[in-house]
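Visitor: Could you walk me through this model, one question at a time?

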Amino acid sequence: MYARLGPNAIVTRVWHELLRPEHKVGAPRQFWIGIPTCYHFGRGDGDLSEPTNVEYPGGDQAGAEFWEDWWQRTRLPLPPALDPQRPGLKNYEVRRFHQAFEQLFKGYDTSSMELVEVGCAQSVYLPYFAKNYGFKVAGIDRSETGCGRARKILEREGIKGEIYCADFFAIPPELVGRFDVVISFGVIEHFKRTAEALRAMAKLLKPGGRMFDDIPNFTGVLGRYQKLLDRHMYEAHVPLSREKLAAAHREAGLEIEVCDYFMPVCLEVINVERWPRNLLYWFTIRSHTAISRAVWFVDDHFVRLPQNRWTSPFIYCVSRKPLHQA
Ligand SMILES: C[S@@+](CC[C@H](N)C(=O)[O-])C[C@H]1O[C@@H](n2cnc3c(N)ncnc32)[C@H](O)[C@@H]1O
């Protein structure tokens, strides 16, 4: 592809593909979906409330105030919905996740199914699942601000969906046992007692229903790097290996279909949003973007790089609620 381009066009292409973040200063970034979009927003005042030590159900490491504060500080405009058809490295991660979801729902009549996202604040996923698979969608989150944004995104995309502002440890009775699919991105790693959090989420599932959850992999190099760059952010997470994540699902009474590391590298899971917006901040996020996209270029065009405990940014798990379980 590059052989046909002149030097100027190549420089422009490299700038756009590798270095230019998807946002301008003051607008949200929306690089990828594996990690919550919230990781990339924030006002950068550097004074975001720190994870609380108060004991919440499941041993929540972050706490309700932390998230409400986070969403209130998150800049508008709202992020665009995910579009797996968009080409380019910027959208590589979305396309990789889309491939995984295509596998997951192959052979299922998803147009007659209901899906709920736990931790749905400002969700860019709900329109994706409604548009691409025909799911009837709903979301649950306890941040009022985050729920308001999820509703606005659905409205903007012309999707009907129900957003419940509630704690998933106290699910509204009409939601119990109602859903065919539960999804969550970047939620359960905030709970010290992982199985307790998963058990609470699984109450939303019908018997035989499936759960997809995705967390950052902080057991390898990225965890150490996150700790170095912002220890408080690191401490809002419980680092879980693939084995520990799978074990927590089993403890919660779920049957594992697949639990694995995902993608070879993505430095964009590293969160420096509490840093002041200075040269170091911009240099750090731009170099994270450039390194990630360079690796994705190789992964996309030459050879599929290994997904592994040390460098993979995500761990995902697909599990099922046994048919006999109410
Ligand atoms: C990391 S964010 C994920 C947001 C969104 N899924 C995304 O990817 O941008 C975690 C979300 O989980 C929500 N959350 C955490 N604990 C919760 C609970 N017990 N009940 C409901 N929502 C909760 C928080 O309010 C927060 O919005």
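Visitor: Which residues does L115 touch, not counting those up to four places away in sequence?

Guide: Happy to start there! This is a predicted model, in which local features need pLDDT of at least 70, side-chain atom pairs count only at pLDDT 80 or more, and totals for chains, interfaces and linings use all residues. Residues are numbered from 1 along each chain as its sequence is written. Taking contact to be C-beta atoms, placed from the backbone, within 7 Å, L115 touches F129, F135, V137, F179, D180, V181 and I183.

Visitor: Which residues touch the most other members of the largest nonpolar core?

Guide: A nonpolar core is a set of buried Ala, Val, Leu, Ile, Met, Phe, Trp, Tyr and Cys residues joined through C-beta atoms within 7 Å. Buried means 20 or more other C-beta atoms within 10 Å of a residue's own, exposed 12 or fewer, and partly exposed in between. Of the 70 residues in the largest such core, those touching the most other members are L115, V182 and M201.

Visitor: In which sense do β4 and β5 pair?

Guide: Helices (H or I, at least four residues) and strands (E, at least two) are DSSP runs, numbered from the N terminus, and two strands pair if DSSP finds at least two bridges between them. V182 stands opposite M211 in β5. Over six bridges, strand β4 (residues 179–185) and β5 pair in the sense called parallel.

Visitor: And which residue is the bridge partner of M211 in β7?

Guide: β5 also pairs with strand β7 (residues 314–320), in the antiparallel sense and over seven bridges. Nine of the twelve residues of β5 (residues 205–216) are buried, so this strand is largely enclosed by the rest of the structure. In β7, the partner of M211 is S319.

Visitor: How many C-beta neighbours inside 10 Å does G119 have?

Guide: G119 sits in the loop between β1 (114–118) and α4 (125–133). Its contacts, leaving out residues up to four places away in sequence, are D141, S184, G186 and V187. The C-alpha atoms of G119 and I140, 21 residues apart along the chain, are separated by 5.9 Å. G119 counts as buried, and its number of C-beta neighbours inside 10 Å is 24.

Visitor: What is the phi of Q122, in degrees?

Guide: Most residues other than glycine have a negative phi. Q122 lies in the loop between β1 and α4 and, with 25 C-beta neighbours inside 10 Å, counts as buried. Although Q122 is not a glycine, its phi is positive, at about 50 degrees.

Notes. Two residues are in contact if their C-beta atoms, placed from the backbone, lie within 7 Å.
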